[in-house]
Amino acid sequence: MPTLEELVEVNAISRIEVEMGVREQPMRLLYGTPSFIDWLNEILAGAQPRNRLGEATPAEQVDELFYDFLRGLPLLPLRQFRFIRAEKNAVWELKTPDIRIFGWFLKKDCFVCVFGNWVDLVKDHDLYRGYRIAIRRLRREFNIGDDLCVQGVAPSDVLSF
Amino acid sequence: MTSFHFDIGSRGRNAGRFIARVRNELLRALAEKKKESKFSQQALANKLEVHRSLINRQLAGEANLTLRSLSDLAWAMDLEIELELKKPADEIGKNHTNATSTVQSAPIKVLSGVRNAVVPIAANSDRCAISTEQAKSA
C-alpha cells in the first residue's frame with residue numbers, strides 16, 4: 001500500500017495551495033488528482049456555469065473554500081461539506097454556491113479532490129452515485145488501504161474544529 | 001507536478017474573501033441570536049416581510065446581498081454595521097499577498113525589507129522566484 005509521499009512522488013496527487021493572508025500558515029492539507037488540477041485550470045481560465053448563483057465568480061468561490069479549509073477554519077457541516085453516503089471510507093463533498101468538489105479524506109484535515117463540477121449539472125444529472133463509485137474505483141487502482149482513508153463520517157472525524 | 005498554486009490574483013481574491021467574510025459574519029451573528037433568544041431565520045424573514053427561502057439563499061451565497069439587504073438583515077437582528085477602509089498594516093516579516101500573486105494585472109511591488117521602500121516588477125516577469133536582493137537591484 002502506498003504512502004502519501006509515494007502518491008505525490010508518482011504524480012497520482014499534487015498538493016494544492018492558495019495565497020494565505022498575513023501571518024497565516026496552512027493548518028490543513030489539500031491535494032488534487034491530475035484531472036482535478038486540469039479542471040482547476042479551466043476555472044482559472046474563466047469557466048462559468050450556465051446560471052451562476054453566487055455573487056463571487058467560480059474561481060473566487062473555490063479560492064475562498066480552499067482558503068478557509070487550509071487555514072483551519074471550522075467549515076459548516078451540510079452547508080460547506082458533507083459525506084455522500086454513510087459508509088466505511090466515505091466519499092465527501094466540498095460545497096460552494098455554484099460548485100461541488102468530490103474526494104476523500106486521506107487523514108483528518110487532509111483532503112484529496114478528485115472531481116469538480118457545477119452544482120446544477122451534479123443535481124440535474126444526479127452525479128453523486130457516479131462520482132462515489134469512480135472515487136472508490138480510483139482508490140482501488142492506487143491500492144489505497146484504510147491507513148489512507150478516514151473511517152468515520154462525523155464532521156469531527158475528518159476536520160479539527 | 002508536486003504542488004499547484006491556485007492563484008486567482010489579488011483583485012479576485014480580495015473580492016471573494018470579502019464577500020465570504022460578510023456572509024460568515026451574518027451567519028455568526030444569527031447563530032448568536034439563536035442562542036440568546038431562539039431567533040430563527042423564519043423570525044428574520046417575518047420581521048423583514050420576505051420569504052424565508054430568500055434569507056436562506058442570501059446566507060448561503062446563492063442570492064446577491066445588496067447594501068440595502070445587508071442593512072436590513074442587521075436591523076432585523078438589532079445590530080449595527082461597522083465599516084472601515086484602512087491601509088493594510090505594513091510590518092517586517094509578514095506575508096505580502098499582493099506581491100506574491102502571479103496573475104495580478106497591475107505591476108507588482110516587492111517590499112525590499114525596509115518600510116515603505118518598494119520596487120515595482122514588470123507585469124509579465126516571472127514573479128515567483130524574485131528575491132529581495134533581485135528586487136533591490138531591479
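Trainee: What share of the contacts in chain B with a separation of 6 or more comes from residues 24 or more positions apart?
Mentor: Bear in mind that this is a predicted model: local features need pLDDT of at least 70, side-chain atom pairs count only at pLDDT 80 or more, and totals for chains, interfaces and linings use all residues. Residues are numbered from 1 along each chain as its sequence is written, while chains are lettered from A and ligands numbered from 1 in the order in which they are written. Two residues are in contact if their C-beta atoms, placed from the backbone, lie within 7 Å. Among chain B contacts with a separation of 6 or more, residues 24 or more positions apart account for 39%.

Trainee: How many helices and strands does chain B have?
Mentor: Helices (H or I, at least four residues) and strands (E, at least two) are DSSP runs, numbered from the N terminus. Along the sequence, chain B reads β-α-α-α-α-α-β-β-α. Its totals are six helices and three strands.

Trainee: How far apart are the end C-alpha atoms of helix 1 of chain B?
Mentor: The expected span is 1.5 Å times one less than the number of residues. Helix 1 of chain B runs over residues 10-37, so its 28 residues should span 40 Å. That agrees with the model, where the end C-alpha atoms are apart by 40 Å.

Trainee: Which residues of helix 1 of chain B are buried?
Mentor: A residue is buried if 20 or more other C-beta atoms, placed from the backbone, lie within 10 Å of its own, exposed if 12 or fewer, and partly exposed in between. Across chain B, buried residues make up 15% of the 138 residues. In helix 1 of chain B they are B:Ser10, B:Gly12, B:Arg13, B:Gly16, B:Ala20, B:Arg23, B:Leu26 and B:Leu30.

Trainee: Which element gives the most to the side of chain A that touches chain B?
Mentor: The contact takes 32 residues from chain A and 25 residues from chain B. On the chain A side, strand 1 (14-18), helix 2 (34-44) and helix 3 (58-70) give two or more residues. With eight residues, the most comes from helix 3 of chain A.

Trainee: Are helix 3 of chain A and helix 1 of chain B roughly parallel or roughly perpendicular?
Mentor: Axes are lines fitted to C-alpha atoms, for helices over the stretch in contact, with angles from 0 to 180 degrees between N-to-C directions. Angles under 35 degrees count as roughly parallel, over 145 as roughly antiparallel, 65 to 115 as roughly perpendicular and the rest as oblique. These two axes come within 9 Å and cross at roughly 65°. That makes helix 3 of chain A, relative to helix 1 of chain B, roughly perpendicular.

Trainee: At what angle do the axes of helix 2 and helix 3 of chain B cross?
Mentor: Helix 2 covers residues 41-48 and helix 3 covers residues 52-60 of chain B. Among the residues that meet are B:Gln41 in helix 2 and B:Arg52 in helix 3. The axes come within 8 Å and cross at roughly 115°.

Trainee: Is A:Arg79 buried or exposed?
Mentor: A:Arg79 is found in the loop between helix 3 and strand 3 (81-83) of chain A. Leaving aside neighbours within four places in sequence, A:Arg79 is in contact with A:Lys95 and B:Ala60. With 12 other C-beta atoms within 10 Å, A:Arg79 is exposed.
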